[in-house]
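Here is a short report on one protein chain. Please look over the sequence and the model before reading on.

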Amino acid sequence: MTHGMRADTYSPHPDGDRGWRDTATRYALVPLRIFLGVTFVYAGLDKLTDSAFMKDAGAGSIGDMMRGVRDSSALPALVDMALESPVGFGYAIALGELAVGIGTLLGLLTRLAALGGALISLSLWLTVSWAADPYYYGNDLPYLMGWIPLVLAGAPLLSVDAALRARRRRTGAYR
């Protein structure tokens, strides 16, 4: 049978009564959004409020951290670029994490926020945690993989994006 309905897939009940599996499927990305959003907001605020981190040199500084990972990173040129202005780079990462986290939690421009989170995680994986051996000890790669479903699916529920989409649908903007 080439153009029929597959009997082995689970589909919602025709009368609109949704089972727990449908509900769980619809809300599956919400815990991921909350975890990544809270984590990135916390990471951004932690960097912005840590007086030692936002320094060119010294214990716990962004400058010393970047100099320490330069030779073991996959992209030393990226680290060199960050070392031209370590404090500026630190602020860029912290504010980027904050924007990504807030956008993800609110579900505002979720795919864009998730793409930003994926790019931050990718850059940190290729620089800071690249030398982790075995590779799964590095924490940035799992974060990168966590962002991908949100890049692909966005935030279809409990989000500003969904509310705006519903409003456009009601006002006929999609017709």
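## Basis of the model

This is a predicted model, in which local features need pLDDT of at least 70, side-chain atom pairs count only at pLDDT 80 or more, and totals for chains, interfaces and linings use all residues. Residues are numbered from 1 along each chain as its sequence is written, and side-chain values use heavy atoms, with hydrogens and water left out.

## Overall fold

The protein chain has 8 helices and 0 strands. Helices (H or I, at least four residues) and strands (E, at least two) are DSSP runs, numbered from the N terminus. Along the sequence the pattern reads α-α-α-α-α-α-α-α.

The chain has 175 residues, and 33% of them count as buried. Buried means under 20% relative accessible area, exposed means over 50%, and partly exposed lies in between (1.4 Å probe, protein chains only). Contact means heavy atoms within 4.5 Å. Take the contacts with a separation of 6 or more: residues 24 or more positions apart account for 64% of them.

## Helix H2

Helix H2 covers residues 30-49. The expected span of a helix is 1.5 Å times one less than its number of residues. For the 20 residues of H2 that gives 28 Å, and the end C-alpha atoms are 28 Å apart, so the two values agree.

Which residues of H2 are buried? They are Val30, Arg33, Leu36, Gly37, Phe40, Val41, Ala43, Gly44 and Lys47. These buried residues pack against helix H5 (86-106), helix H6 (110-127) and helix H7 (140-153).

## The largest pocket

The largest pocket has a volume of about 310 Å³. On a 1 Å grid over the protein atoms alone, a cavity is a set of points where a 1.4 Å probe fits but cannot get out. A pocket is an open set with protein on both sides within 12 Å along at least five of seven lines, and lining residues have an atom within 4 Å of a point. Grid points are joined across faces, edges and corners, and a volume is the space filled by probe spheres set on the points.

The lining of the largest pocket has 18 residues. Lys47, Glu97, Leu124, Asn139 and Asp140 lie nearest the centre. Two or more lining residues come from each of H2, helix H3 (62-69), H5, H6 and H7. H2 gives the most, with 4 residues. By class, the lining of the largest pocket has 11 nonpolar, 4 polar and 3 charged residues. Here Ala, Val, Leu, Ile, Met, Phe, Trp, Tyr, Cys and Pro count as nonpolar, Asp, Glu, Lys and Arg as charged, and the others, Gly among them, as polar.

## Salt bridges

Side chains of opposite charge can pair when their charged atoms come close. A salt bridge is a side-chain nitrogen of Lys or Arg within 4 Å of a carboxyl oxygen of Asp or Glu. The whole structure holds 4 salt bridges. One of them joins Arg67 to Asp64 at 3.0 Å, N to O. Arg67 and Asp64 sit 3 residues apart in helix H3, so about one helical turn separates them. Arg67 is partly exposed at 40% relative accessibility, and Asp64 is partly exposed at 33%.

Arg70, Asp71 and Asp80 are linked in a network of salt bridges. Asp71 meets Arg70 at 3.2 Å, N to O. Asp71 is exposed, with a relative accessible area of 69%, whereas Arg70 is partly exposed at 26%. Asp80 also pairs with Arg70, with the closest N and O atoms 2.8 Å apart. This pair links distant parts of the chain: Asp80 is in helix H4 (residues 76-83), while Arg70 is in the loop between H3 and H4, 10 residues apart. Asp80 is partly exposed at 31% relative accessibility.

Leu83 is in helix H4. Leu83 is partly exposed, at 23% relative accessible area. Beyond its neighbours within four places in sequence, Leu83 is in contact with Gly63, Met66 and Arg67. Leu83 and Ile62 are 21 residues apart in sequence, and their C-alpha atoms are 9.0 Å apart.

Where is Ser129 found? Ser129 is in the loop between H6 and H7. Is Ser129 buried or exposed? Ser129 counts as buried, at 9% relative accessibility. Not counting residues up to four places away in sequence, Ser129 touches Leu124, Gly138 and Asp140.
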